[in-house]
Amino acid sequence: MNREMKFEEYEPFLKENEQAMTEALQKLIRFNTEQADPVTTKDGEVYPFGQGVQDCFEACLELARGLGFETCNVDNYGGHIDWPGSGKDILDEEGKVVGHEGPKIMAILGHLDVVPAGSGWDFDPYGGEVKDGYIYGRGTTDDKGPVVSCLYAMKSLKDAGFQPENTVRIILGLDEETAWKGMNYYFEKTPRPDYGFTPDADFPVINGEKGMLIFDLAKKFGKNQAGSKGLMLRSLSGGTAPNSVPDRCRAVVRSEVAGAYDAIKEKAAAYREETGYKLTCKGMGKSLELSAVGVASHGAKPECGLNAVSVMMEFLGRLNFVNEEINDFVGFYNKYIGFILDGAALGIDFEDEKSGKMVFNLGMAEIGPEAAKLTINVRYPVTCTEEQIFRTMEPVLTQYNLGVIKGKNHDPLYLDLDNPMVETMLEIYRKHTGDSESEPLVIGGGTYARSTPGIIAYGGQFPGDEDLMHQKNERMSLERFRQMTAIYAEAICRLSCGF
């Protein structure tokens with residue numbers, strides 16, 4: 001009959017594996033796993049999310065096999081790493097074995113893809129450099145670091161002689177930051193787990209996730225007046241992903257009026273002086289290029305960043321374009337979106353006691369002479385609905401003749417604080433950190449806990465630590481790396497022995 005191990009029994013093996021764990025994370029960071037176009041090999045094999053993601057996926061499976069675990073690749077859409085369970089003996093009232101029950105699946109859902117690195121790094125985002133007690137690189141905290149941590153937590157328990165009752169399965173997602181096609185495909189081909197966690201959020205434990213909705217606002221413009229020589233907006237582009245705050249925005253304007261560009265440069269200088277924002281102008285042939293610089297952050301925490309698109313649009317509101325529809329659109333943006341992070345101007349600033357306020361992030365913008373598209377990502381309270389959001393915005397959008405293109409929606413999740421999984425996870429976190437004040441959280445981020453029942457988010461961001469997910473210079477403290485591995489090891493040990 002299996003038993004839980006005491007932490008002291010496997011702690012030496014955690015220490016023994018520290019260096020190998022760090023090197024494994026460095027190796028995975030060095031793969032650029034930003035989602036790319038599908039690749040078809042000369043043999044006809046398809047890599048749905050690009051070469052970099054595929055190479056990292058294969059390297060992770062190879063690493064796991066080298067550590068003694070079984071692996072599975074589900075048509076390159078995802079896969080898993082298995083530590084088979086032995087099952088559970090069934091005892092009678094006298095403690096005698098009268099039967100045996102096969103193992104359940106306790107899953108750990110992580111992902112290897114990352115958001116685009118962006119610019120402004122002090123380190124190579126795909127270098128995995130270790131300096132001053134930190135390992136740097138895109139994916140160190142979201143989510144390659146926690147995946148490697150869980151893998152080496154399993155390895156340390158295995159080295160100590162532990163045998164799980166239920167199968168421990170690390171499920172590897174490959175497009176979590178985008179469309180989740182991989183995880184959807186994976187669960188069409190493989191059995192769903194019985195319970196588990198995803199190490200892709202915050203400690204001490206997540207008992208709820210706000211709803212997550214992505215949609216586009218679209219507008220078509222009429223043609224400029226014939227023969228007009230006024231200011232024209234040739235293009236505007238900013239942002240790389242719906243769930244990130246844009247840190248760059250570029251616009252190109254054109255005018256044949258003498259002195260027009262000098263006037264714009266003067267206004268830009270005045271704007272910089274007034275706001276402190278970074279906005280520059282430079283000639284580009286017969287046009288003028290405008291560049292705005294913001295601060296990237298996770299779309300679930302836009303208050304940690306500065307939206308470069310909003311900086312640009314605020315400045316463009318000080319100009320007068322020959323096409324009045326573009327002026328109206330810029331006016332709409334500045335009045336109803338701008339730097340407002342809860343959707344209040346659109347009337348969607350919903351809030352509840354369980355999960356707090358609405359979070360509103362403008363993730364991407366594309367504007368040309370004929371049309372505009374804004375990609376928006378909102379995180380809505382657990383008592384709110386997708387239909388409620390669209391219905392509430394409708395009067396304003398109708399007023400400006402804006403169309404809505406609905407994208408993906410993930411409904412909210414919520415577990416009561418006395419849920420056994422929540423209580424167990426919280427107890428383990430507090431044991432290893434001594435932090436008795438931090439309480440379970442409801443977050444705005446969307447995790448793989450939404451992909452299948454019985455999963456909750458657990459770590460790996462620690463309370464009070466600087467959150468650099470989706471930002472430049474993303475990094476993981478080596479001390480936190482060790483600490484989270486100890487937490488995950490105990491969680492795997494306890495949860496895999498029945499829950």
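This is a predicted model: local features need pLDDT of at least 70, side-chain atom pairs count only at pLDDT 80 or more; totals for chains, interfaces and linings use all residues.
Residues are numbered from 1 along each chain as its sequence is written, and side-chain values use heavy atoms, without hydrogens and water. Local features need pLDDT of at least 70 and side-chain atom pairs count only at pLDDT 80 or more, whereas totals for chains, interfaces and linings use all residues.

Helices are DSSP runs (H or I, at least four residues) numbered from the N terminus. The axes of H2 (residues 18-29) and H11 (residues 478-495) come within 11 Å and cross at roughly 110 degrees. H2 is therefore roughly perpendicular to H11 (65 to 115 degrees). Axes are lines fitted to C-alpha atoms over the stretch in contact, with angles from 0 to 180 degrees between N-to-C directions. Contact (heavy atoms within 4.5 Å) joins Glu-18, Met-21, Thr-22 and Leu-25 of H2 to Leu-478, Phe-481, Arg-482 and Thr-485 of H11.

Thr-485 lies in H11 and is buried, with a relative accessible area of 4% (buried is under 20%, with a 1.4 Å probe and protein chains only). Leaving aside residues up to four places away in sequence, Thr-485 touches Leu-14, Met-21, Ser-149, Tyr-152 and Ala-153.

Definitions and conventions:
Helices (H or I, at least four residues) and strands (E, at least two) are DSSP runs, numbered from the N terminus. Angles under 35 degrees count as roughly parallel, over 145 as roughly antiparallel, 65 to 115 as roughly perpendicular and the rest as oblique. Buried means under 20% relative accessible area, exposed over 50%, partly exposed in between (1.4 Å probe, protein chains only).
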